Amino acid sequence: MAQFERPELYDFHGVSMTHYFTYNWENLQNFKALPDDILVATYPKAGTTWMSYILDLLYFKQRDNERETSLAIFDRVPFLELSIPDAPTGIETVDSLPTRPRLIKTHLPIQFVPKSFWENNCRIVYVARNAKDNAVSYYHFDRMNMVQPEPKDWNSFLHRFMEGKMVFGSWYDHVTGWWDKKQTYPNLLYMFFEDMVQDTGRELERLCSFLGLSTSVEEREHIRGGVQFDAMKANPMANYSTDPVMDHRISPFMRKGKVGDWKNQFTVAQNESFDKHYEMKMKNTTLKFQTTI
Ligand code: A3P
């Protein structure tokens, strides 16, 4: 296991961030998106890898079968704002992609997205996940990812989550910021992790229609099978087992993939205070989530 330094969280223009995502800021803000770029945007742990893998199969499975066995998902769909030592930056990885369209991943809150994406009217797929499962998944991720801040105990983590003291800031601001953008930017598809679990086939169809892809029913069915949780968990190209910053002995990246797993983590008291706080934070939005299915 290579040695990495767990970073400190700090306030960056009003959003909690770590230097691994702000170090390359000027280049990031000046990033030149291409009109056919497709951006996958999420709050961390909302199903980014799942959506990235689906998009990759939709665009490249037919064209390039070797990619399936030789290229990890984080190299196929680079993480735009990533800048960790001794590795190419996310931007460098995007700029060296040999194929089009370029599929690009970001966790940036809406106000930080490089303006060239808007100028080029790029298609964007946002995936949101209910706050409780998102928080639990984030907690276990921070335990196993050595370039994330130390999560400490679950109770304190949950409080920091509620206060927005997480890498990429407040979940509440993130999901509502992107939701508001959707009202004025038609090239944004807003999807839900819970819907994808409930009916992956239906959501795949929605996605293809947004992207203008005429993928056949057979092909979609094939992809649906390949992106089921167990298939991705067993797939070294999709399960992050080749990423040196993660220690899967602590908690696997492909952990449970469920809706409602928060019930195994929240105490009754935590749940009550979370609900009260949630209601207050979300009172001005029409955005609604399912916490069980
Ligand atoms: P859990 O920790 O709840 O298991 P991200 O890719 O944004 O980091 O999100 C990771 C979360 O998505 C993890 O959640 C992971 O298990 C889940 N996930 C990834 N692929 C999935 C799939 N094919 N089906 C269901 N959940 C999936």
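## Strand β5 and its burial

Strand β5, spanning residues 123-128, is mostly covered, with five of its six residues buried. A residue is called buried if 20 or more other C-beta atoms lie within 10 Å of its own, exposed if 12 or fewer, and partly exposed in between, with C-beta atoms placed from the backbone. Strands are DSSP runs of E with at least two residues, helices are runs of H or I with at least four, and both are numbered from the N terminus.

The model is predicted: local features need pLDDT of at least 70, side-chain atom pairs count only at pLDDT 80 or more, and totals for chains, interfaces and linings use all residues. Residues are numbered from 1 along each chain as its sequence is written.

## The parallel sheet

Strand β5 belongs to an open sheet of four strands in the order β4-β3-β5-β6, with parallel pairing. Because β4 (103-106) and β6 stand at the edges with a single partner strand each, one side of each is left without a neighbour in the sheet. On average, neighbouring strands of this sheet are turned by 20° against each other, direction ignored; such angles run from 0 to 180 degrees between N-to-C directions, along axes fitted to C-alpha atoms, for helices over the stretch in contact.

Two strands pair if DSSP finds at least two bridges between them. Strand β3 (residues 38-42) pairs with β5 over five bridges, and Ala41 has Tyr126 of β5 as its bridge partner. Strand β6 (residues 188-192) also pairs with β5 over five bridges; here Val125 stands opposite Leu189. Between β3 and β4 there are four bridges, and Ile38 stands opposite Leu103 of β4.

## The ligand shell

The ligand is surrounded by 21 residues, the closest being Thr48, Thr49, Ser137, Arg255 and Gly257. A residue is near a molecule or strand if its C-beta atom, placed from the backbone, lies within 6 Å of it.

Helices α3 (48-60), α8 (131-144) and α14 (229-233) each supply at least two residues of this shell. By class, the shell has eight nonpolar, eight polar and five charged residues. Ala, Val, Leu, Ile, Met, Phe, Trp, Tyr, Cys and Pro count as nonpolar, Asp, Glu, Lys and Arg as charged, and the others, Gly among them, as polar.

## Backbone features in loops

The peptide bond from Arg100 to Pro101 is cis, with omega near 0°. Pro101 is found in the loop between α6 (90-95) and β4.

Asp86, in the loop between α5 (73-76) and α6, has a positive phi near 60° although it is not glycine. Asp86 counts as exposed because it has 7 C-beta neighbours inside 10 Å. Phe168, in the loop between α9 (154-163) and α10 (171-182), has a positive phi of about 80°. Phe168 is buried, with 23 other C-beta atoms within 10 Å.
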